[in-house]
Structures are given as C-alpha cells and as structure tokens.
Amino acid sequence: MIMNKATAIAHPNIALIKYWGNLDDELRLPSNSSISFNLGSLETRTSVEFEPDLSGDQLLINGEAQSGQVLQRVTDQLDLVRSMAGISDSARVTSTNNFPMGTGIASSASAFAALAGAASRAAGLDLDVKSLSMLARRGSGSAARSIPAGFVVLHAEKSNEDAYAESFAGPEYWDLMDCICVVSRTHKPTGSTQGHQLAETSPLQAARVTDSTRRIRICREAILDKDFETLAEIAEADSNMMHAVMMTSNPQLLYWEPATLEIMHAVRRWRSEGLPVFYTIDAGPNVHIITLKDYRSQVIEKINQLGSITTILTSKPGYGVRFIDT
Ligand code: PMV
C-alpha cells in the first residue's frame, strides 16, 4: 500500500536571465537557458491525496474550487505522475499561496514545483532533485527552477532528460533582496503559456536567444563574484530584451503600466546616485527591485516616496522544494 498523501512547500523565483519561448511547447523545453533565485518569503503549500473513490481530480486554490483550464493543467501534471507510479486514482489537491496570483509574481512556478513534489511523494515515488525539476517543468517552465535551492540555472536542451534546473550557489551565498512593487493585482490578459507561443513571431527573438549564452555566462560569474554592478547591467538588459520581444510579437504583448515605467526610471536614477539597485520585470506590470539586504529599508523608503505603490513584498533568496508532515 503506497502512502497516498503528501504536502510540499515551494517558493516562486525571480529570473535574472529570463526564459521566454519554447523549443517544444508540449514538453515545455525552453528556447534559452535561464538563471533565477528562489524567493524565500513567498510560498505555495500544496497537499495531494490520491483517493480510489474520487471520480475525477479536485483542486482547491486558496479555498476556491477550480475547474476548466486551471484544473486541466493540474490533471495533466498528475497524469504524468500517475503514469510514472503506475496508479490510476484521482487526486484531491489543496493549495494555498501567501502572495497574490496572476500578477507577474510567478505563482505558476511555486505552484507546479509544490505540486510535482507533493504528487510524486503521495504516489509513492522518491524522485531526486533533477527528476523533480524535469517534472515541474512540464507544468510551467519556470517551476523547474523552484525545485533546487538558492541560485539556479535551468538548462535549455533539446531532450526532456537534459532540460532541468540545478543550483550553483546556496541561498545564503549572497545577501540579495528582492523588493517587489505590486503595480496591479488583476489577472494578466495573456498568460505566459500563450506568451511563449508568440515569442517566435517577433523578429527579435532569434537574436535574443542567440545572445543568451553570453548573458548566462556573465550573470552566473557576476553572482559567483558578488559583482553587483555587472549583475545589474546584465539583468536589466535581459529583462528589456524579453519585453522587446513581447512588444514586437504578433499580437503584441505590452505588460507595462505607467507606474512600471516610473519605477524603471527611478531605479536607474537611484543607481546612478550610488544605490545598489536594478529592476527586472516578468510577464506582468510589477517591478522587482533587486538590492542588497543592508539597503532594504532605504529602497522601501524611496519606493514609498514615489507615492504610486501601495504594496511592496520583500524576499531574500530561499530554499528549494521541501516536504512537511501533515
Ligand atoms: O513558467 P512560465 O511559463 O510562467 O514562464 C515564465 C516566464 C517569465 O516569468 C516571464 C520569465 C522567467 O524566466 O521566469
């Protein structure tokens, strides 16, 4: 008899070199490698219980029953686990987040990382970090990066077995701090699953992907050398490149709001005045301002002075997926 229930916690992550576009949409094989760190203060907690009596998978997110595409995506992930474990029972999945969903704070990353962990364990599988990362990637590409701890690289490779994320520095390695300016809490008009499919329609995507090996090398070395200025330049350039692709896709995707741009300008000004800060923006209007731990209060004060942001979430680098007793 397999243990049929398990609970896992996973954090979202912020990419410093971003993933946009797939080599294979079905397998979610990313077109370019990416680098991120996990956000230790934000978390998704997911329990999975396989039950022989259920007639179909059930999903509760923050207490609300889900159906349609949201449920289907979870069922697809559960189907992978069921086929790996050789079981057929439906599952009851309960998930809670301590941060707003669908705002460009990658809730899908922590969601599919926690789901991969909880579902595989509830099905009696004992997967290593690499296998869990591959499994999480099938639900959401960036979820592969929420499995290992700390600073992580997700390899863009042509085969399922080679496209996984691994840690190259632990969460304590460098005292970075992400100050997330929540510009909007509303759901994104175009989610990343659709967005990835549009990447190739931009003539800029090929150049962005070709240059990604250089950006990965510079970013990884800057993190290992704790060279903030180099990291700031390469991460902002990378974020701008991804948004340039988004803005020039067909149809075009424009995620920025006026407040997004206001913060981008402010961050560049603060950096030129000597404050260690840079911005990076995912598929939404929120701005992640990365700084060093010692400058956290100063950065928050400056954001508050702008007057346009009411919610700021902060997080230091965090651990990978882990299991808790329920
Ligand atoms: O994992 P997805 O399919 O939600 O893609 C995430 C894409 C970005 O957040 C925009 C960039 C990244 O690398 O996290």
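**Chatting about the ligand and a sheet**

Visitor: What lies 2.8 Å from an oxygen atom of the ligand, in the side chain of His196?
Guide: An N or O atom of that His196 side chain. I'd call that a polar contact, meaning a pair of N or O atoms within 3.5 Å.

Visitor: How much of the ligand does the protein cover?
Guide: 97% of the 380 Å² of accessible area the ligand has on its own. Those areas come from the Shrake-Rupley method with a 1.4 Å probe.

Visitor: Where do these numbers come from?
Guide: This is a predicted model, where local features need pLDDT of at least 70, side-chain atom pairs count only at pLDDT 80 or more, and totals for chains, interfaces and linings use all residues. Residues are numbered from 1 along each chain as its sequence is written, and side-chain values use heavy atoms, with hydrogens and water left out.

Visitor: OK, back to the ligand. How far from a ligand oxygen is the polar side-chain atom of Ser192?
Guide: 2.5 Å. For Gly141, a backbone N or O atom lies 3.4 Å from an oxygen atom of the ligand.

Visitor: Switching topic: in what order do the four strands of the open sheet run?
Guide: β2-β5-β10-β11, with antiparallel pairing. Strands are DSSP runs (E, at least two residues), numbered from the N terminus, and two of them pair if DSSP finds at least two bridges between them.

Visitor: And which strands are at the edges?
Guide: β2 (13–17) and β11 (165–169), each pairing on one side only.

Visitor: How many bridges join β5 and β10?
Guide: Four, between residues 34–38 and residues 151–154. Phe37 has Phe151 as its bridge partner in β10.

Notes
Polar contact = N/O pair within 3.5 Å; in protein donor to acceptor, adjacent residues only side chain to side chain.
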